[in-house]
Amino acid sequence: MRNWMLALMVVGMVGVFGASAIAQDNTNLPYTTGDVFAAIGNGQVDEFTPTGVLVQTLNDTTGAAFTTGMAFDAAGNLYVTNFSAGSVSMFDNAGNVTNANFITGQVEPESIVAAASGFTVGDAGQNVINQYNSSGMLVHSFTGLTTQNRGTDWIDFQNSTTILYTSEGSSILSLNTTTGLNGPDLVDGLPGIAAYALRVIPTGSTDAGDVLVADSSNALLISPLGAILQTYTLPGNGGGDFSLNIDPNGTDFWTGDFTTGEIWEVNIATGAIVSQFSSGSSALFGITVFGERTTSQTPEPATLTLLGLGLAGLAAKKKRAKV
């Protein structure tokens, strides 16, 4: 996020550092596969049904003005980046905060990716990508990385040795995790004001291997060679398309606009709007989906069941020309 965004809002941050376990309040609800989680700030995340019905509000107790990227581990625990507190909080799979300061010491953590071995965090405030073990302890830092406007910002794994990331500029950059050095940019000259959240489409999903990116005015589908394959029009978008994640069904993605608070479910192949609703927030800086599809870890059992019902028809996918 840009510095001017921070100036537009009252920063009500509680400075909490160190790993501290928070007692569960037992008032929250187990997550449902397909539900959408919207990071809305003030240490909070709203859980919605896919049609926009509010299920519950999660509070990580940090009071961080901006909550942003999120990820689930294989057990269904939710991890939320607190952009303005430099930390990551952990919830169990029923919405109870179990560690408000699971990861600390970041500057402006924007995105987090979960894998079996631990977590990788992108940070808009520095040219570093940090890796943590499953207990939240720092194990490795990739430093001195190329950036554009805002650090390493949003990240995802393209494969086992390549991390793609945006820096709120017009490129999707890359890191070779074997050498620790930047690789070639995936694409330069994207049309939006700034490129934000991105997701590499995993095996078993429509257009596997392609990259989805929230590019301010539109969402884009990018080929592994950097060609723009599709531009997704988002009704009611205010120019702040920012957050993005892939639905458990493997055929749709979710994206959200921080200026209007609108959330869309979009069909990857056709661009059709499957669902649209308002988060009710002007601080919508993160979206994830329970059972989300990622390249970094095996889907949850519920996700595998859903995918098994309809993947046969995906083999005949067609690449589309740039819109």
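## A buried phenylalanine pair

Phe-37 and Phe-72 are both buried (under 20% relative accessible area with a 1.4 Å probe, protein chains only; exposed is over 50%, partly exposed in between). This is a predicted model: local features need pLDDT of at least 70, side-chain atom pairs count only at pLDDT 80 or more, and totals for chains, interfaces and linings use all residues. Residues are numbered from 1 along each chain as its sequence is written, and side-chain values use heavy atoms, with hydrogens and water left out.

The count of aromatic pairs comes to 19 (Phe, Tyr or six-membered Trp rings with centres within 6.5 Å; planes under 30 degrees apart are stacked, over 60 edge-to-face, the rest tilted). Phe-37 and Phe-72 make an edge-to-face pair, at 5.3 Å centre to centre and 75° between the planes. Phe-37 sits in strand 1 (residues 36-41) and Phe-72 in strand 4, so the pair ties together parts 35 residues apart in sequence. Strands are DSSP E runs of at least two residues, numbered from the N terminus.

Four strands form an open antiparallel sheet, in the order 4-5-6-7. Strands pair if DSSP finds at least two bridges between them. Strand 4 (67-72) and strand 7 (97-103) are the edges; each has a single partner strand, so one side of each lacks a neighbour in the sheet.

Strand 5 (residues 78-82) pairs with strand 6 (residues 87-91) over five bridges, in the antiparallel sense. Tyr-79 has Met-90 in strand 6 as its bridge partner.

Tyr-79 and Phe-102 are both buried. Their ring centres lie 5.1 Å apart with planes at 55°, so this pair is tilted. Tyr-79 is in strand 5 and Phe-102 in strand 7, 23 residues apart.

Ring pairs also link a cluster: Phe-66, Phe-83, Trp-154, Tyr-196, Phe-242, Phe-258 and Phe-285.
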